[in-house]
Amino acid sequence: MENKQTAVEWLANYIKGITDLNCDEIIEQAKQMEKEQIVDAYTECWMNDGGNGFHKVKEAESYYNETYGDK
């Protein structure tokens, strides 16, 4: 299965194509924030369904890595 591209990755590629500025640090920070939001949303969905919190956090990390790659 091919990994999907996140919105932040798409924006980062676009920005890199239109400017010579080095935005790597802020792009990496945005990617980390986006990953945390995706994992939190996945975890909350499971917790609201009566799941075990710790187990579901690990499952959420696996979901992210399988869907978007370990970025």
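Predicted model: local features only at pLDDT ≥ 70, side-chain atom pairs only at ≥ 80, totals over all residues.
Local features here need pLDDT of at least 70, side-chain atom pairs count only at pLDDT 80 or more, and totals for chains, interfaces and linings use all residues. Residues are numbered from 1 along each chain as its sequence is written, and side-chain values use heavy atoms, with hydrogens and water left out.

**Whole chain**

Start with a cartoon view. The protein has three helices and zero strands. These are DSSP runs, numbered from the N terminus: H or I of at least four residues for helices, E of at least two for strands. Along the sequence the pattern reads α-α-α.

Of the 71 residues, 23% are buried. Buried means under 20% relative accessible area, exposed means over 50%, and partly exposed lies in between (1.4 Å probe, protein chains only).

**Stop 1: the core**

Select I38, V39, A60, Y64 and Y68. These five residues form the largest nonpolar core. A core of this kind is a set of buried Ala, Val, Leu, Ile, Met, Phe, Trp, Tyr and Cys residues joined through side-chain atoms within 4.5 Å. Helix 2 (24–47) and helix 3 (53–68) each supply at least two of the core residues. Helix 3 gives the largest share, three residues. In soluble globular proteins, nonpolar side chains tend to be buried together.

Stay on Y64. Which residues does Y64 touch, leaving aside neighbours within four places in sequence? Look for T6, K35, I38, V39 and G69. Contact here means heavy atoms within 4.5 Å.

**Stop 2: T67**

Move along helix 3 to T67. Is T67 buried or exposed? T67 is buried, at 7% relative accessibility. A polar atom of its side chain sits 2.8 Å from the backbone oxygen of Y63.

**Stop 3**

Side chains of opposite charge can pair when their charged atoms come close. Show E61 and K35. Their side chains meet in a salt bridge, 3.6 Å from N to O. This pair links distant parts of the chain, with E61 in helix 3 and K35 in helix 2, 26 residues apart. K35 counts as buried, at 11% relative accessibility. E61 is partly exposed, at 31%.

Next, select E28 and K31. Both lie in helix 2, three residues apart, about one turn of the helix. E28 is partly exposed at 47%, and K31 is partly exposed at 22%.

Then pick D24 and K16. In this salt bridge the closest N and O atoms are 3.7 Å apart. D24 is partly exposed, at 40%. K16 is partly exposed too, at 49%.

**Stop 4: a surface patch**

Finish with W10, L11, Y14 and I18. Together they form a nonpolar surface patch with about 460 Å² of accessible area. Patches are made of residues with over 30% relative accessible area and no salt bridge; like charges are joined within 9 Å, and nonpolar side chains (Val, Leu, Ile, Met, Phe, Trp, Tyr) within 5 Å. Y14 lies in helix 1 (residues 7–18). Y14 is partly exposed, with a relative accessible area of 45%.

Note on methods
Areas by Shrake-Rupley, 256 points an atom, 1.4 Å probe, with all protein chains shown as cover. Salt bridge = Lys/Arg side-chain N within 4 Å of Asp/Glu carboxyl O. Polar contact = N/O pair within 3.5 Å; in protein donor to acceptor, adjacent residues only side chain to side chain.
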